[in-house]
Amino acid sequence: MDRGEQLRRIAEHAADQWGLVTAAQAKRVGLSAVQILRLAEAGLIENVGRGVYLLQAAGFPLHLEIKVAWLRLQPAAFASERPLGGRDSGVVSHASACQLHGLGDIPAPNAEISVPRRRTTTEPFVHLRTVQLEPDDITLVQGLPVTTARRTILDLLRTKADGGHLGGVIADAERLDLIEIQDLQEAAQPFARNYGLPAQATGQDLIEHLVDQAGRHLRSQEVARASREGFATALELMARDDYEPSPDLRQSIQALQRMNEQMALPNGALQEAVRRLGEQLAATNAPLQEAMRRMHEQAVLPNSAVRRLGEQLAAANAPLQEAMRRMNEQTANPRALESGSRAATVRSRPAVEQQDSSSGRAAHETSTDQPAQIHGTDDVQKDTGRNPDSGYDQ
């Protein structure tokens, strides 16, 4: 078998393993230890870890040390043959999981991998943790099994990771839509005392404490603050001295001002209801038109307040009464409200400035059934050991 055939055989499997192949895997496809050594001497493959080689044509992958450590857990098994959560399988976790998810700037000097049974290693930069993981705790990132962002944060809380670094991880995970803050708060509450908070502190107290330590803000906090400030500004504009509404409308504005003191979190369906109400009310009144536009952007109104406002504003206006009746029906059905509001926008005020916001969850999951994308890096720590069959201690 010539060198071209040798490379072809190992490349078939290395393509699904970031350009990497173990010596044990190469032997499975027919190469001998001497042939592996000759390929390395010829510069066609490079030893990047004990018993792990990189095809030079592939280029260095991101997070090389983590991938090498994971392959060495089962050196003879190809990546496609390793079941998630299997007895000998490993899952990248803790600070290494943060690196793969792109969360925070927590230091990760070692490749941290959670394994379901006790394993030991003599590798100086590999840390194996004996952890039992549930299927819901595992996801795939760059073809590697990795703990989910939620499980990663809870693992870091359990190991008392630095609060400032952990706060940055939480803020990034929320920004990328990898966690639900309310769910995380409930699960994190038992760890509050680990970070100097009183026993009666809530999970919300802990999360806010950690995020503050990182000098960051949660997106939900920023939205709530912007909503309160924006709605108060809209009310102030509606009540200014140079605008003279009818007595009924003045009474409604005063009711809204009182309600503003006890504002809740934003509600997308009610925002749309306020926008449509504004289009009906403000068609011929420039100050009110501007006020209602700004209310639409950041308004927060409970259902009962919307109904009361509509009743007061539409009391003497039959067309407006009919519009409010339809809006109340659709407020109870967000999907109907959404579809109806799009049609109303086209008919009523095409010039109204609208803002579409979207937040995408980072595309983290890839399948091991498909070739992993190969990336390049300039800084690689190499292991020049020549024992291609050596693996982790059992």
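Which residues does Q6 touch, not counting residues up to four places away in sequence?

Analyst: Leaving aside residues up to four places away in sequence, Q6 touches M1, L31, Q35 and L39, a contact being heavy atoms within 4.5 Å. The model is predicted, with local features needing pLDDT of at least 70 and side-chain atom pairs pLDDT 80 or more, whereas totals for chains, interfaces and linings use all residues. Residues are numbered from 1 along each chain as its sequence is written, and side-chain values use heavy atoms, without hydrogens and water.

Q6 is found in helix α1 (helices are DSSP runs of H or I with at least four residues, strands runs of E with at least two, numbered from the N terminus). Its relative accessibility is 5%, so Q6 counts as buried (under 20% relative accessible area; over 50% is exposed and in between is partly exposed, with a 1.4 Å probe and protein chains only).

A search of the whole structure finds one aromatic pair. The ring centres of W18 and W70 are 5.9 Å apart and their planes stand at 75 degrees, so the pair is edge-to-face (centres of Phe, Tyr or six-membered Trp rings within 6.5 Å; planes over 60 degrees apart are edge-to-face, under 30 stacked, the rest tilted). R82 lies over the face of W70, at 4.5 Å from the ring centre (NZ of Lys or CZ of Arg within 6 Å of the centre and within 35 degrees of the ring normal).

Another part of the model is a hairpin of β7 and β8, with two residues between the strands. Four bridges join β7 (residues 138-141) to β8 in an antiparallel arrangement, where pairing requires at least two DSSP bridges. V141 stands opposite L144 in β8, and Q142 in the turn has a positive phi of about 55 degrees. From β8 (residues 144-147), L144 and V146 point one way, P145 and T147 the other, and all are buried.

As for the whole, the protein contains 16 helices and eight strands. Of its 394 residues, 46% count as buried. Among contacts between residues at least 6 apart in sequence, 67% join residues at least 24 apart.
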